[in-house]
Amino acid sequence: MGLTREMGAVLGTLPELVGKGAGAIKTMRRSDLVQHKEKEKANTRTSQIVFGERQHLLRVLDSLEGTELPIARMQQERRTLEELIHARTRELNQINTAWDEKIGLVLSADAKPEMLEKLVKQAPEEDFYLLRLISEHPRSNAKTLNKLAKHPYGAIRENVARHPNADAATLAWLSRDRSQPLWYLVAFNPNTPTPLQRRLRERLKRLGESQPSK
């Protein structure tokens, strides 16, 4: 889930929470909160990128199978697509061995907090997709979330900031993140300590009141 959608949800709750400043706060844009651009490694082929490519190739293959083409062309294009799909699968396994199996474990109804914690410990930083799934998993425990809160991928830190199992120390640390505006997600996490929550909501109120009225 991206920051833009979350921002809409947060702003919708402000009339009850911050009083008279709510009208101004509703005009806030994501760009008003962003202080620094996300620092991602350039040209890094993370699992999220490779998995996305494989999904696209699979959809192309499905489309091809439902199309009437000369047999020779059909066979050639099918072979080409299958080779590319296998290449992406090999690349995923190079990032993290038995990648599809591990994704299946995370998505399984039997996923346990201990298993999720182990997968996070074993996963390389480049396995954005697996770690993002775990960061939003309802059974991820506070220890797992604390580790994921330090991951460079912004979407993972967002998930931790809104997660109901994130502990107070993790949320306090995320509220100081200068690479993206996580503090307003922390402001509405029920596990955030009351004094910190109050300060962050006051900051959001002041920021909203500073916006020019239309």
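At what angle do helix 6 and helix 7 pack, and how far apart are their axes?

## Helix 6 against helix 7

In this predicted model, helix 6 (residues 99-107) and helix 7 (residues 113-122) pack at about 150 degrees, and their axes sit 10 Å apart. Angles over 145 degrees count as roughly antiparallel, so that's how these two helices run relative to each other. Their crossing is left-handed.

Who does the touching? On the helix 6 side you'll find Lys102, Leu105 and Val106, and helix 7 brings Met115, Leu116, Leu119 and Gln122. By type, that contact comes out as five nonpolar residues, one polar and one charged.

## The cores

Val106 turns up again in the largest nonpolar core, which has 38 residues. Along with Ile134, Leu148, Val160, Leu174 and Val186, Val106 touches the most other members. Helix 8 (residues 128-135) is the top contributor to this core, giving six residues.

Leaving aside residues up to four places away in sequence, Val106 touches Ala111, Met115, Leu116, Leu119, Leu130, Leu133, Ile134 and His137. There's also a second, separate core of six residues, with Leu57, Leu64, Leu81 and Ile85 among them.

## The whole chain

Zooming out, the protein has 13 helices and zero strands. Buried residues account for 43% of its 214 residues.

What share of the contacts with a separation of 6 or more comes from residues 24 or more positions apart? The figure is 63%.

Technical notes. Residues are numbered from 1 along each chain as its sequence is written. This is a predicted model: local features need pLDDT of at least 70, side-chain atom pairs count only at pLDDT 80 or more; totals for chains, interfaces and linings use all residues. Side-chain values use heavy atoms; hydrogens and water are left out. Axes are lines fitted to C-alpha atoms, for helices over the stretch in contact, and angles run from 0 to 180 degrees between N-to-C directions. Helices (H or I, at least four residues) and strands (E, at least two) are DSSP runs, numbered from the N terminus. Angles under 35 degrees count as roughly parallel, over 145 as roughly antiparallel, 65 to 115 as roughly perpendicular and the rest as oblique. A crossing is left-handed if the near helix is turned anticlockwise from the far one by less than a right angle, and right-handed if clockwise. Contact means heavy atoms within 4.5 Å. Ala, Val, Leu, Ile, Met, Phe, Trp, Tyr, Cys and Pro count as nonpolar, Asp, Glu, Lys and Arg as charged, and the others, Gly among them, as polar. A nonpolar core is a set of buried Ala, Val, Leu, Ile, Met, Phe, Trp, Tyr and Cys residues joined through side-chain atoms within 4.5 Å. Buried means under 20% relative accessible area, exposed over 50%, partly exposed in between (1.4 Å probe, protein chains only).
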